[in-house]
Structures are given as structure tokens and as C-alpha cells.
Amino acid sequence: EAIKFYNKSISLKPDYADAYYNVGNILRDQGKLDEAIKAYQNTISINTNYAEAYYNMGIALKDQGKLDEAVNAYKIFISLKPDYAETYNNLGNIFQDLGKYKESIEAFKTALSLKPDYAEAYSNMGIVLKDTGKLTEAIEAHKKAISLKPDYAEAYNNMGLALKGQELLKEAIEAYNQALLLKPHYAAAWVNGAVAFEQWNKLEQ
């Protein structure tokens, strides 16, 4: 098992930051988040500028629901590597979970300024725009995501929700159907499609 080799290297060279970092990654993949975070902390104690350790620690902290601590880890990463778009996308998702919608949208916009073809950031921003009642902007964000990634089932589903919010039920159903063509076992799209179809049927009667 790889972790045994890394632990042996640490016993021989206790200041081996890379070994601690790699142990952290293995433990995180195994779902052992407390141990992973400890390994990342050991990495950072040896090398305070080890950017990737802060980034992956942010992922582990978010997975634990420790959102404020995850934000702090990402902010330190940004101070070391300010041009990594994925960090801002991750921050946008955390700010959304915290109900900090303005900060969330700003984070997604920063991600897109660094990586203009970042489909996931467009779609994630669309979710927040929809949650804040900006339905037209949300739809446009999802359309942009789909133009960049035509097989993006989640973007079609999320666009369907925004269209439904505008009472454009036929268009919403079409969006859900497209999501299901791309991802036939997509449970959320099946449920959302059923709800929209039921409402549309009632209007047609």
C-alpha cells in the first residue's frame, strides 16, 4: 500500500513535506478526512508556502462541512497562487452554501475572468442567480455553459429550473428532456420534469 512507503519515508526524513502531502491525498480519497487534514497541516508546518496542501485541505474541510475553515484555506492558497480559476469556483460554491450570494457570484465571475471557457463556473453562477431571483441572467449563464459543454446534463437541468421559475413550462420540459437524453439515470431531472409536466398539463386543461 502506497501510504506505507510514504510513512517509511517520513520516518527516515521527518521534514519531507511531499510525503505528508501525498499521504493526505490518499487519506482524503479514502474518506479519512480528519487524518487527511492532519497530514496537510503537517505539510504546511514544514513548508508554509505549499499551496496545493492548502487547496486540498480546503476540499477536505468543505467535505466535513467546515465551510468557514475551507474558505480560509482557499484564501491562503489564492495568496500563493492567485490565477487558479478552480479555487474561485470552489469558493463560489461555498459562499452559496453559506448564503453569501453576492460573494458567490463575484467568485464565479473571477473564475470566469481567469478561465473564460469554464462551463461549470457559468452553470454554478446560474444556480445562484436563479436563487436570487435573477432568472433571465440565470438562463443566459446556463446557455453559455451549454455552448461551451454541449453534453452538460446538469446545466440543462438547472436551466429548466430557471425556465420553470419564469413559468416557461414547455421550455423547461424541453431542457429536462435534453438533460435526460444526455444522462438517462439523472433522478433530479426526472423529478423536475415530472413536476413541470404536471403543471403544464393543468394549464392546458
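Predicted model: local features only at pLDDT ≥ 70, side-chain atom pairs only at ≥ 80, totals over all residues.
User: Why are helices α7 and α8 called roughly antiparallel to each other?

Analyst: Helix α7 (residues 101-114) and helix α8 (residues 119-131) pack at an angle of about 160°, with their axes 9 Å apart. Angles over 145 degrees count as roughly antiparallel, and α7 and α8 are therefore described in that way. The crossing of α7 past α8 is left-handed, and the residues that meet there include I105, F108 and L112 in α7 and M125, V128 and L129 in α8. By class, this contact has 10 nonpolar, two polar and one charged residues.

User: What makes N158 count as buried?

Analyst: The cut-off for buried is under 20% relative accessible area, and N158, at 15% relative accessibility, therefore counts as buried. N158 lies in helix α10 (residues 153-165) and, leaving aside residues up to four places away in sequence, touches S123, I127 and H142.

User: Why is the contact between K115 and E86 called a salt bridge?

Analyst: The definition asks for a side-chain nitrogen of Lys or Arg within 4 Å of a carboxyl oxygen of Asp or Glu; the side chains of K115 and E86 meet at 2.9 Å, N to O, so the pair qualifies as a salt bridge. The pair links distant parts of the chain, with K115 in the loop between α7 and α8 and E86 in helix α6 (residues 85-97), 29 residues apart.

User: How do you know that K183 is partly exposed?

Analyst: Partly exposed covers values between the buried limit of 20% and the exposed limit of 50%, and K183 has a relative accessible area of 34%, so the term partly exposed applies. K183 also forms a salt bridge with E154, the closest N and O atoms being 2.6 Å apart.

Definitions and conventions. Residues numbered from 1 in each chain as written. Heavy atoms only, no water. Axes fitted to C-alpha atoms, helices over the stretch in contact; angles between N-to-C directions. Helix = DSSP H or I, 4+ residues; strand = E, 2+ residues; numbered from the N terminus. Parallel < 35°, antiparallel > 145°, perpendicular 65-115°, else oblique. Left-handed = near helix turned anticlockwise from the far one by under 90°. Contact = heavy atoms within 4.5 Å. Nonpolar A, V, L, I, M, F, W, Y, C, P; charged D, E, K, R; others polar. Buried < 20%, exposed > 50% of the residue type's maximum accessible area, 1.4 Å probe, protein only.
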